[in-house]
Amino acid sequence: SRKGLKIALGIIAALIACAAVAAFATYQMELWGGKVVPDVVGMTQADATNTLESKGFSVRPTQVKSDETEGIVLLVDPGKGGRLPEGGEVVIHVAVSRSVPEIVGSTQQEAENALAAEGLDNVSITTQKSDEAEGTVLSVDPGEGEKVRASTAVTVVVAEPYRVPDVSGMTVDQATAAVSEAGFNPYVQYSY
């Protein structure tokens, strides 16, 4: 009876091992547990979509501002090796180029927010005397709509109001120079 028990335990252990091997093999063959998401990072959007749809997945592209080549897949969710049931949705993150947004005429804060949304982090603000409301964007360099990289230097020129300088106590020449420098055309009037 002891010998029979050992044989029975050996048979049970062998059956469990066979079942584990069969389960592993069928899982790897994608017969159950969903299908494996293939690695499509680095492919074009069209190629990645075709590859994923051929495996039975639905594809939802989303655009990501990037310095990479436009139209290249940067990231997949779920990632490589992840599993989804057939028909499950795979999100592909596709690179789109950055460009200078339309900011002329907006406020400085709105311009800064729009540039940050594009991922532009090398922005400098300069002022120029103008009749426009203080802080209004007068120009941007590079120009609106131009494609740029994240590190591209972007200069935003905003309006600064004219201010009449205090010239009391100066000579006529000093006063006219200061008024001219402030952006005005000086007119000298003598009082006796």
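## Glu70 and Lys147

Glu70 is partly exposed, with 47% relative accessible area. The structure discussed here is a predicted model. Glu70 makes a salt bridge with Lys147, and their closest N and O atoms are 3.4 Å apart. This pair links distant parts of the chain: Glu70 sits in the loop between strand 2 and strand 3, while Lys147 belongs to strand 9 (residues 147-148), 77 residues apart. Lys147 has a relative accessible area of 59% and is exposed. The cut-off for exposed is over 50%, so Lys147 passes it at 59%, whereas Glu70 at 47% counts as partly exposed.

## Other salt bridges

Five salt bridges are found in a search of the whole structure. One of the residues taking part is Asp67, whose side chain meets that of Arg98 at 2.8 Å, N to O. Asp67 lies in the loop between strand 2 and strand 3 (73-77), and Arg98 lies in strand 6 (residues 98-99); the two are 31 residues apart, so this pair also links distant parts of the chain. Asp67 is partly exposed, at 31% relative accessible area, but Arg98 is buried, at 11%.

A further salt bridge joins Lys65 and Glu118, with 3.1 Å between the closest N and O atoms. Lys65 is in strand 2 (residues 58-65) and Glu118 is in the loop between helix 3 (108-117) and strand 7, so the bridge ties together parts that lie 53 residues apart in sequence. Lys65 is partly exposed, with a relative accessibility of 35%. Glu118 has a relative accessibility of 12% and counts as buried.

Strands of a sheet pair through backbone hydrogen bonds, and the pairing is either parallel or antiparallel. In this model, three strands form an open sheet with mixed pairing, in the order 7-10-8. Strand 7 (123-129) and strand 8 (137-141) are at the edges; each has a single partner strand, so one side of each has no neighbour in the sheet. From one strand to the next, the twist averages 25 degrees.

Strand 7 pairs with strand 10 (residues 154-160) in the parallel sense, over seven bridges. Among the residues involved is Lys129, whose bridge partner in strand 10 is Glu160.

Key: Residues are numbered from 1 along each chain as its sequence is written. This is a predicted model: local features need pLDDT of at least 70, side-chain atom pairs count only at pLDDT 80 or more; totals for chains, interfaces and linings use all residues. Side-chain values use heavy atoms; hydrogens and water are left out. Two strands pair if DSSP finds at least two bridges between them. Helices (H or I, at least four residues) and strands (E, at least two) are DSSP runs, numbered from the N terminus. Axes are lines fitted to C-alpha atoms, for helices over the stretch in contact, and angles run from 0 to 180 degrees between N-to-C directions. A salt bridge is a side-chain nitrogen of Lys or Arg within 4 Å of a carboxyl oxygen of Asp or Glu. Buried means under 20% relative accessible area, exposed over 50%, partly exposed in between (1.4 Å probe, protein chains only).
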